[in-house]
Amino acid sequence: GMAVWSCGGKDEPKVPETLAQPTEITVSGAAELASMAASGGDVTLSVTTPSRPSVGGAPNWIVTDITYDASKYTARVKVTVLINNTYEERTATLTLSASGKSATVTVKQSGKELPAFFCETTTLTFSALGGTSSFSVTAPSKPSASADSWISVSVGDLQDFKSEIVVKAGENSTGEDRTGKVTVSCGDASAVITVTQPKKATPGDISKTVVTENPTAAVTKLY
């Protein structure tokens, strides 16, 4: 074997012959477990304990692995927090027990992030006679919607973070083409959809669209 030479200097640490058995369980390194991300991860706790500890109270999303050193009355408890695929925060209390003593550790894990508000539609066009149109938005919670007075808008219930927005416009008999807005909001996020509708044609309008008296003039311009 190897020979270890010692000069017996003052810096040499004094190793106690026997370590006193602890009377309590003390845990260090548990703070990180109180704010685990949805992605999960491993945290190793350093435990001083009168004997080999057991861990109780672990739900199916927490796995524990214990390494115990009897000569030092210490244990390393590796706590593996699995990925949280839900949108809900979850909490568990682990209890370390040994020789009639116990200590608790709180594990708190955030849920995955809710989808951001998103609206693909930017414009809607109605015919002069009006009608109904709809589009869908993605949102973390049910959005709200408002519109110009000639446009009616309703918001469907949220299903899988999607809501159907139904937009209706009546006949445009104002004599003018018209443009309006639908605003869909969710929290601080919002989207503005521009709605256009041409005027309803009148007999007077039709006469204005008659072809020029000299059709060849129009044709020549193409060449």
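**View 1. Ser 136 stands opposite Glu 164 of E13.** This close-up, like the others, comes from a predicted model, in which local features need pLDDT of at least 70, side-chain atom pairs count only at pLDDT 80 or more, and totals for chains, interfaces and linings use all residues. Residues are numbered from 1 along each chain as its sequence is written, and side-chain values use heavy atoms, with hydrogens and water left out. Eight bridges hold the antiparallel pairing of strand E10 (residues 131–138) with E13. Strands pair here if DSSP finds at least two bridges between them. Strands (E, at least two residues) and helices (H or I, at least four) are DSSP runs, numbered from the N terminus.

**View 2. The open sheet around E10 and E13 has four strands, in the order E8-E10-E13-E12.** Pairing in this sheet is antiparallel. Strand E8 (118–119) and E12 stand at the edges with a single partner strand each, so one side of each has no neighbour in the sheet. Cys 119 is buried, at a relative accessible area of 14%; buried means under 20%, exposed over 50%, and partly exposed in between (1.4 Å probe, protein chains only). Cys 186 is buried too, at 8%. How many disulfides does the structure hold? The number is zero, a disulfide being a pair of cysteine sulfur atoms within 2.5 Å.

**View 3. Another open sheet has four strands in the order E1-E2-E5-E4.** Here, too, the pairing is antiparallel. Strand E1 (26–28) and E4 are the edge strands, each pairing on one side only. On average, neighbouring strands of this sheet are turned by 25° against each other, direction ignored; the axes are lines fitted to C-alpha atoms, for helices over the stretch in contact, and angles run from 0 to 180 degrees between N-to-C directions.

**View 4. E4 and E5 form a hairpin with four residues between them.** Look in the turn for Tyr 73, which has a positive phi of about 55°. Strand E4 (residues 62–69) and strand E5 (residues 74–81) run antiparallel and are joined by eight bridges. Which residue of E5 stands opposite Ile 66? That place belongs to Val 77, while Thr 67 stands opposite Arg 76.

**View 5. Tyr 87 and Phe 161 form the one aromatic pair of the structure.** The pair is edge-to-face, with 4.8 Å centre to centre and 65° between the planes. Rings of Phe, Tyr and Trp (its six-membered ring) pair if their centres lie within 6.5 Å, and planes under 30 degrees apart count as stacked, over 60 as edge-to-face and the rest as tilted. Tyr 87 lies in the loop between E5 and strand E6 (90–98), and Phe 161 in the loop between strand E12 (151–155) and strand E13 (162–169), so the pair ties together parts that are 74 residues apart in sequence. Tyr 87 counts as partly exposed, at 33% relative accessibility.

**View 6. Gln 197 lies in strand E15 (residues 189–197).** Is Gln 197 buried or exposed? With a relative accessible area of 2%, Gln 197 is buried. A polar atom of the Gln 197 side chain lies 2.9 Å from the backbone oxygen of Ser 127. Leaving aside neighbours within four places in sequence, Gln 197 is in contact (heavy atoms within 4.5 Å) with residues including Phe 126, Leu 129, Trp 150, Glu 171 and Arg 178.

Key: Polar contact = N/O pair within 3.5 Å; in protein donor to acceptor, adjacent residues only side chain to side chain.
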